[in-house]
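Open the model in your viewer and keep the sequence panel beside it. This tour moves from one selection to the next.

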Amino acid sequence: MTQGAGQGPEVERTAVLRDFRVPAYVNETGPYGHSTHPGDVVPADEEAYPEGYTPTEQDLPVIHHGDELQAAADPAAGAVDGPGPLFVVGDVHGYLDELMSALQEKGLVDAAGSWCAGTARLWFLGDFTDRGPDGIGVIDLVMRLSAEAAAAGGYCKALMGNHELLLLGAKRFGDTPVNSGAGTATFQAAWLLNGGQKTDMDRLQDHHLQWMARLDAVEEVDGHLLVHSDTTAYLDYGDSIEAVNDTVRETLTRNDADEVWDLFRKLTKRFSFRDEGGADHVRSLLDTYGGTRIVHGHSPIPYLLGEVGSEDDEDESGPVVEGPHVYADGLAIAMDGGVTMAGKLLVQQLPLDI
């Protein structure tokens, strides 16, 4: 595998938060290189709730004449002030069962798949679809958990990944030629090359597309700069988190195929933090956007460690991934455990000790 930050882009997908269904996303290989993985949550006042879901349902006491009245116990009494614990999720790529198991293991959802973590905060780093069997199911789950978490005083959010951009492009532009810089390319062809699943596209609805197009690309939480891709290309889109997110949304709003392709291409780059000068590249992002550590998905940890050459390797034993990979002088945390390569779907509480 050729290494370096200049390697090719991947395609990403995104999901929409309203009707709890999921869109698919795609990784791109070919002229830009390896595959990648991103997601974000809709504000509470815009979220849709599943039919029959009652976020404030309580069992009220029955009071009989003569009973001594006592103040009802306040469920918030004794609770620690401030936000709940912070968790991040690496690239999911349609592996819904693995995601559910990982969330249950961390105590974020119960056996029925419902949010049970109270005020905890959960961030998905993007790449919900493509390659795996049920990308739409993953997006539907993220949308539902965002509503349930908000009702419990926590939140579930997601960042824009390259596969979200790929899925949006495949749906919007199809076989329209784009200026790829390496000959004729189309979003549809790139989506298929990067693991696009017909079942995901068939189930993709307008509310999924709207949700994906609203996702933020960068966020800073508790000193952690959250991004999907391990690239400095975010610097091309603004000198603040707000500017980057606004520029990405405006690019998608203009609906220009070449502009969206260029955005996809840049956010598919990888390995900027891995090799010589990698720590300096991380510092350039931290100095610009804030935070003391960067947390990303996109590049599977086996890639970063040089253990495999591509996600299409046929070694059935698969790479051994025990947890997140801390590197670049301790400034970067990689969260893509390589679930598409029989690796591990990672859910990690932050901060992470070195």
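**Stop 1: helix α8**

Select Lys266 and Asp262: they are four residues apart in helix α8, so about one helical turn separates them. Their side chains meet in a salt bridge (3.5 Å, N to O); the term means a side-chain nitrogen of Lys or Arg within 4 Å of a carboxyl oxygen of Asp or Glu. Salt bridges that share partners join Asp236, Asp262, Arg265 and Lys266 into one network. Arg265 and Asp262 are three residues apart in α8, which covers residues 257–266. Helices (H or I, at least four residues) and strands (E, at least two) are DSSP runs, numbered from the N terminus.

Colour by accessibility. Buried means under 20% relative accessible area, exposed over 50%, partly exposed in between (1.4 Å probe, protein chains only). Lys266 is buried at 16%, and Arg265 is buried at 19%. Asp262 is partly exposed at 27%.

A note on the model: it is predicted, local features need pLDDT of at least 70, side-chain atom pairs count only at pLDDT 80 or more, and totals for chains, interfaces and linings use all residues. Residues are numbered from 1 along each chain as its sequence is written, and side-chain values use heavy atoms, with hydrogens and water left out.

**Stop 2: helix α2**

Select Glu148 and Arg144, both in α2 and four residues apart. Their side chains form a salt bridge (3.0 Å, N to O). Glu148 is buried, at 8% relative accessibility.

Step back to Asp130, in the loop between β3 (121–124) and α2. Asp130 is buried, at 0% relative accessibility.

**Stop 3: helix α9**

Select residues 278–289. The twelve residues of α9 should span 16 Å at 1.5 Å a residue, and the end C-alpha atoms are 17 Å apart, which agrees. The expected span is 1.5 Å times one less than the number of residues. Show the buried residues of α9: Gly278, Ala279, Val282, Leu285, Leu286 and Tyr289. Viewed down the axis, they fall within an arc of 120°, so they line one face of the helix. That arc is taken from the directions from the helix axis to the C-beta atoms.

Which residues are exposed on the other side of α9? They are Asp280 and Asp287. Now show β8 (224–227), α7 (241–254), β9 (293–296) and β11 (332–334), against which the buried residues of α9 pack. Contact here means heavy atoms within 4.5 Å. Finish at Gly290, which follows α9 and has a positive phi, near 100°.
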